[in-house]
Amino acid sequence: MICCLTGRESPLRDVEALIARACREGGQLHVIYDAGIDLAHYGEVDQLALAGSMAEFVDYVRRQGREEVEEALAPLYAAARRHALPLESHVVYGRDAVEKLLRRWRRHGPLTVLGAD
């Protein structure tokens with residue numbers, strides 16, 4: 001499995017080189033995007049907020065997160081399409097979540113990790 005790490009704090013630097021290496025190694029490229037802190041949690045646990053307000057805040061945070069990821073990964077998706085490279089993205093929140101996902105994938109076989117420094 002080929003995995004690329006990126007996120008809000010560590011954007012991708014050379015998309016074409018990443019795609020070229022993934023193409024050479026074959027298979028599907030999995031991208032882990034670390035979105036940092038999951039702000040939706042605050043909307044889910046605010047005991048002073050009305051239920052409707054909490055749901056609106058969570059929806060807003062999730063929508064903002066999707067837009068951030070789509071914008072950040074747009075060049076990577078475009079390059080993958082040009083090279084017919086299958087690409088799947090996984091959004092996680094925080095380094096612990098990144099490590100947990102990598103550990104799970106490593107149990108299923110060899111894992112090449114590329115991307116952010």
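**Sheet.** I looked up the strand order first: four strands form an open sheet, E3-E2-E1-E4, with parallel pairing. I took strands as DSSP runs of E of at least two residues and helices as runs of H or I of at least four, numbered from the N terminus. I counted two strands as paired if DSSP finds at least two bridges between them. Strand E3 (87-92) and strand E4 (112-115) are the edges, each pairing on one side only. From one strand to the next the twist averages 25°, with axes fitted as lines to C-alpha atoms (for helices over the stretch in contact) and angles running from 0 to 180 degrees between N-to-C directions.

**Basis.** This is a predicted model; local features need pLDDT of at least 70, side-chain atom pairs count only at pLDDT 80 or more, and totals for chains, interfaces and linings use all residues. Residues are numbered from 1 along each chain as its sequence is written, and side-chain values use heavy atoms, without hydrogens and water.

**E1 and E4.** I found four bridges between E1 (residues 2-7) and E4, in the parallel sense. Leucine 5 stands opposite glycine 115 in E4.

**Helices.** Helix H1 (residues 15-25) packs on the sheet and touches E1, strand E2 (29-34) and E4; contact means heavy atoms within 4.5 Å. Helix H4 (residues 95-106) lies across E1, E2, E3 and E4, at about 160° to E2.

Buried is under 20% relative accessible area, exposed over 50%, partly exposed in between (1.4 Å probe, protein chains only). This core has 18 residues; Ile19 and Leu87 are among those touching the most other members. Helix H3 (51-82) gives the largest share, five residues.

Terms used:
A nonpolar core is a set of buried Ala, Val, Leu, Ile, Met, Phe, Trp, Tyr and Cys residues joined through side-chain atoms within 4.5 Å.
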